[in-house]
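Subject: Structure handover

Hello,

Here is the structure I promised you. Please open it first, then read my notes below.

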Amino acid sequence: MDWVEVFSDVITAMGWFFIVYSLLINSSFLLLTVFAVGDFIGYRRRVEFAAYDESFGEPLARGISVLMPAYNESETIIESVQAMMAMRYPDFEVIVVDDGSKDDTVAKLVAEFDLVQVPLVVDELVPMKGEVSATYLSRRGSHNLVLVTKTNGGKADALNVGINLARKELVCMVDADSLLDPDSLLHVSRPFADHPDQVVAAGGVIRVANGSTVTQGRVTDVRMPRRWLARVQVVEYLRAFMIGRAGWSATGGLLIISGAFGMFRKDVLVTVGGMATDCIGEDAELVVRIYRWLGEEKIDGKVVFVSEPVAWTEAPDSRPVLRRQRRRWHRGLAEILGRHRDMLLRPKYGVIGMLTMPWFVLFELLAPFLEIFGLAYFVVVVVLFGLEEVGWMPYDLVDGWFVLLLLMASIFYSFLLTMVALLAEEMSYRRYRGVGDLLRAVWAAVEENFGYRQLNAWWRMGGAIEAMRKSQHEWGDMQRKGFGTTP
């Protein structure tokens, strides 16, 4: 029958489409892995001669303003600020910008650090929406902690207030629920010292602190989370940073610096107009806007990733909170690529325009759609193949074994990439020292392929659809449980 041939041809064509797409995305990840490993080996060789102890005592080190936007961060704010205040760096200040919290975030900060209200001038170097209501300094004689309270205007607006108040040459943006390792500022600022005229921004590694022990704002006992949702995110973050970010940095096309931990030159931030307050993914949008400025002004600038400095964050361990986060992330990516679509395939924007942005359109923005459609295709093929095997379907429409082999190859490749990231972690930093934790990490690399990836793809697809429809975005309540602290 004609319809049988047509249907069989459609099924076959769709199968070949998914095969080609899978080959392309897996091959690109393989290349990123090669670049990441090369960059990682080179960094480990350089770090032996970095002399960070000497840098800590350098009186002429470039000053750093650490910006911490906070909104209802009562559960983690004290530990986070304690960690920031105890950083090993010769010249830095911490600016906490409370964006109209409705909980006791401000009260806790005032009580813990003995803050007193003082009048400070907030210049308007970059635009601000919210109104600054008060500024605070500590009565303990510490002038490197500033608290600013303002009316609610969003995270990007809070960061712009911090930029306007910052007194230092470099600006480090950190989430209020993040904890930094003691030497993080020394490491992430090093590229600015080595290449002062080229490096305009640098980002570090974000790790999941769930399940670990925090003592006075420091992660002192790193453990794998017991809850499966947080455990899967540990290996997901490792793969994203140790392979994805490192690989793109090595090619000169790093598109994203995480808002949880990134450093920028203040003069560059002022030049490009600070953070965009009308975009959900303000951290990535800022990086893309910096690349646009570099290309249009024909400036030889670099955005780099450093694998050593670590910021610890509390990952969502409930599905509703994680769903809101992933929808927001993917909606932000869609908005950024749409806003800067005229940079695509434009040689003047270098690697970012000719390679990175097209890759993100094909293999990040569209990936959840194709993953969901591919899953539906797989279900249809399996059902048809089963009907053929039991004799209920008189026609040979599909090759079920070939489709099953393709699915297993895709799962194995994802597992292999995660194993490479875990191997890099184990050979270098060894944050997870126990055999039990390593086994749980390996198991997480397996279990993320069965349920988690599909849920994540569904949520991300919803975020992209929201961006296309330009619907009103609701942040929702991003609940925090707080770090497992000890006195």
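The protein has 15 helices and 13 strands. Helices (H or I, at least four residues) and strands (E, at least two) are DSSP runs, numbered from the N terminus.

Some ground rules. This is a predicted model, in which local features need pLDDT of at least 70, side-chain atom pairs count only at pLDDT 80 or more, and totals for chains, interfaces and linings use all residues. Residues are numbered from 1 along each chain as its sequence is written, and side-chain values use heavy atoms, with hydrogens and water left out.

**Confidence**

pLDDT is the predictor's confidence in each residue, from 0 to 100. Its mean over the protein is 85, and 86% of the residues reach 70 or more. Helix 9 (residues 266-272) has the highest confidence, at 97. Strand 13 (residues 484-486) has the lowest, at a mean of 50. Where pLDDT is low, the predicted coordinates should not be read in detail.

**Inside the protein**

Of the 487 residues, 55% count as buried. Buried means under 20% relative accessible area, exposed over 50%, partly exposed in between (1.4 Å probe, protein chains only).

The largest nonpolar core has 130 residues. Such a core is a set of buried Ala, Val, Leu, Ile, Met, Phe, Trp, Tyr and Cys residues joined through side-chain atoms within 4.5 Å. Helix 8 (residues 228-251) gives the most to this core, with nine residues. A second, separate core has five residues, including Leu229 and Tyr452.

Phe264 is among the residues with the most contacts inside the largest core. Contact means heavy atoms within 4.5 Å. Leaving aside neighbours within four places in sequence, Phe264 is in contact with residues including Glu169, Met173, Phe192 and Ile290.

**Ala367**

Ala367 lies in helix 13 (residues 367-389). Its relative accessibility is 12%, so Ala367 counts as buried. Not counting residues up to four places away in sequence, Ala367 touches Tyr21, Leu362 and Arg460. Met461 is 94 residues from Ala367 in sequence, yet their C-alpha atoms are 8.6 Å apart.

**Helix 15**

How far apart are the end C-alpha atoms of helix 15 (residues 435-469)? They are 48 Å apart, which agrees with the 51 Å that its 35 residues should span at 1.5 Å a residue. The expected span is 1.5 Å times one less than the number of residues.

Helix 15 also bends by about 60° at Asn449. The bend is the angle between axes fitted to the seven residues ending there and the seven starting there. Just after helix 15, Lys470 takes a positive phi of about 55°.

Best wishes
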